[in-house]
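Work through the exercises below with the model open.

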Amino acid sequence: MITRLFSAALRGVDAQEVEVEVNARGADKPIVIIVGLPDAAVRESSQRVISAIGASALYLDDGIKTVNLAPADLKKEGPSFDLPIALAMIAASGTKPFNADDCCVVGELGLDGAVRPVKGVLSIASEAKRRGRTRLLVPEANAAEAAVIEGIQVFPIRNLKQAWDFLDEEIIIPPYHLDRRAFFNSHRSYEVDFDEVRGQHHVKRALEVAAAGSHNLIMVGPPGTGKSMLAKRLPTIMPDMTEDDAIETTKIHSITGLLDPKRAFLTTRPFRSPHHTISDAGLLGGGSNPGPGEVSLAHHGVLFLDELPEFRRQTLEVLRGPLEDRVVTISRAAGSLTFPSNFMMVAAMNPCPCGYYGDVKRDCRCSTRQIENYRQKISGPLLDRIDLHVEVPLVDFRELSSNTASGEKSETIRERVVAARTIQLERFKKSSNTTNSSMGSRQVRQHCQLNTESNGYLEHAMEEMNFSARAHDRILKVARTLADLSGAPDIRPNDILEAIQYRSLDRKLFS
């Protein structure tokens, strides 16, 4: 007797439907054979399944059970096939007709029959809906995540016995209901705010400009000036994610197992801060079974690289592609996978190894050669891809000791950022771009035209500071954002001068 159920396997950030077929044949003892390119975790599922069926007091006859996971050329990984395999094996042992063609089933089994949560349920729910499945059986802990996808009924499952009785129509399980909009709006708050930062008003201005145009930014200053504190508050002034953006970002975190089980999906922009010892694969993504790296986990959010020169130069160079293309493609012998990586990069560094080069109060202990080697770890092409370069000085004691708020709240700044983003959405409504930072050369020429005075300032800066062609376009993009923040239809001379000021620091430090 042959029975079948539908499940799904993860491939990149998406899922692909898998048909679980079980053929039962007579034999003296129970034997389970799993075929269809399973990995070790899937092959071991036979032992978990047999134990779970026995502990659940469900019937499994003696004989050979051949489990086929189709398509056979797609590698199957992880324990999420335990539950569909167990249900199909039980059905193959009986004589009662079994029809669950409208179902998709996923879940890991414990030896006692308990159903444990699995990764990537949001992607699996999307695939099940695309395939026309109307019912999705998932572990109870994953129900809220799966219910984010509309148009499919999600049934939370606690154990194998409950799942079988439900499919056998012995019990009724109410589908999980999630008020997406209410849940989405109730989890949009941040635990930090910009008004907690003392001083550094010009750095806050640069961060506002960066958020308004989705520009990359680097902060240079001695230790203890608040670079990390400022970076962590950047997501609080960025526009709220749309529901589609939140689902796309949640998929990435779900397949890596980083999703908070108490929250159905990410409603605030992610902030990722990898350690400087991270490998190329950890930053970009990869591995034997390619998975997303930090650049993808920061999708629609912020990737913060603290102590930038401490990263290996080779590791930093792999960022050049994602910063331009907004996607990461990982090629292996079995094929290629593409992960989204539309993030804002914020970097921080000291001016020298000891951190006090140029400080008027503390002496630098570094030699000229040490300073040069320290700065040469960051290549010119990478710096050219960073739009804003900001110096972060020490904060005055009077500002630190003041009991009054030293600046605007994040909500106030975010209102100006949202207004500037709205202008950009209208500007690029006929293209795939949404922000000034993603403008191509043709769009730069169209939307960043300068008057004679502004063009003179830019020409002088290009000649005196030896900027590259890429830096020229970056200056124009930042100037366009500055004009948008002011609500000005055209780029003004002051916008060009401020944009040039945000580029002058790299030549000051690295020439």
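**Exercise 1.** How many salt bridges does the structure hold?

Solution. The model is a predicted one. The structure holds 28 salt bridges.

**Exercise 2.** Find the partner of Glu 498 in a salt bridge and classify the burial of both residues.

Solution. 
- Step 1: Glu 498 pairs with Arg 205, and their closest N and O atoms are 3.0 Å apart.
- Step 2: Glu 498 belongs to helix H22 (residues 493-501) and Arg 205 to helix H8 (residues 201-213), so the bridge ties together parts that are 293 residues apart in sequence.
- Step 3: buried means under 20% relative accessible area. Glu 498, with 18%, is therefore buried.
- Step 4: Arg 205, at 28% relative accessibility, counts as partly exposed.

**Exercise 3.** Describe the contacts of Arg 427 with Asp 484 and Phe 428.

Solution. 
- Step 1: the side chains of Arg 427 and Asp 484 meet in a salt bridge, 2.7 Å from N to O.
- Step 2: Asp 484 is in helix H21 (residues 469-486) and Arg 427 in helix H18 (residues 410-427), so this pair ties together parts 57 residues apart in sequence.
- Step 3: at 3% relative accessibility, Asp 484 counts as buried.
- Step 4: the charged end of Arg 427 also sits over the ring of Phe 428, 5.8 Å from its centre.

**Exercise 4.** Is the aromatic pair of Phe 155 and Phe 166 stacked, edge-to-face or tilted?

Solution. 
- Step 1: a search of the whole structure gives two aromatic pairs.
- Step 2: Phe 155 and Phe 166 form a tilted pair, with 4.7 Å centre to centre and 40° between the planes.
- Step 3: Phe 155 lies in strand S9 (residues 153-157) and Phe 166 in helix H6 (residues 160-167), so the pair ties together parts eleven residues apart in sequence.
- Step 4: Phe 155 and Phe 166 are both buried.

Definitions and conventions:
Residues are numbered from 1 along each chain as its sequence is written. This is a predicted model: local features need pLDDT of at least 70, side-chain atom pairs count only at pLDDT 80 or more; totals for chains, interfaces and linings use all residues. Side-chain values use heavy atoms; hydrogens and water are left out. Rings of Phe, Tyr and Trp (its six-membered ring) pair if their centres lie within 6.5 Å; planes under 30 degrees apart count as stacked, over 60 as edge-to-face and the rest as tilted. Helices (H or I, at least four residues) and strands (E, at least two) are DSSP runs, numbered from the N terminus. Buried means under 20% relative accessible area, exposed over 50%, partly exposed in between (1.4 Å probe, protein chains only). A charge sits over a ring if NZ of Lys or CZ of Arg is within 6 Å of the ring centre and within 35 degrees of the ring normal. A salt bridge is a side-chain nitrogen of Lys or Arg within 4 Å of a carboxyl oxygen of Asp or Glu.
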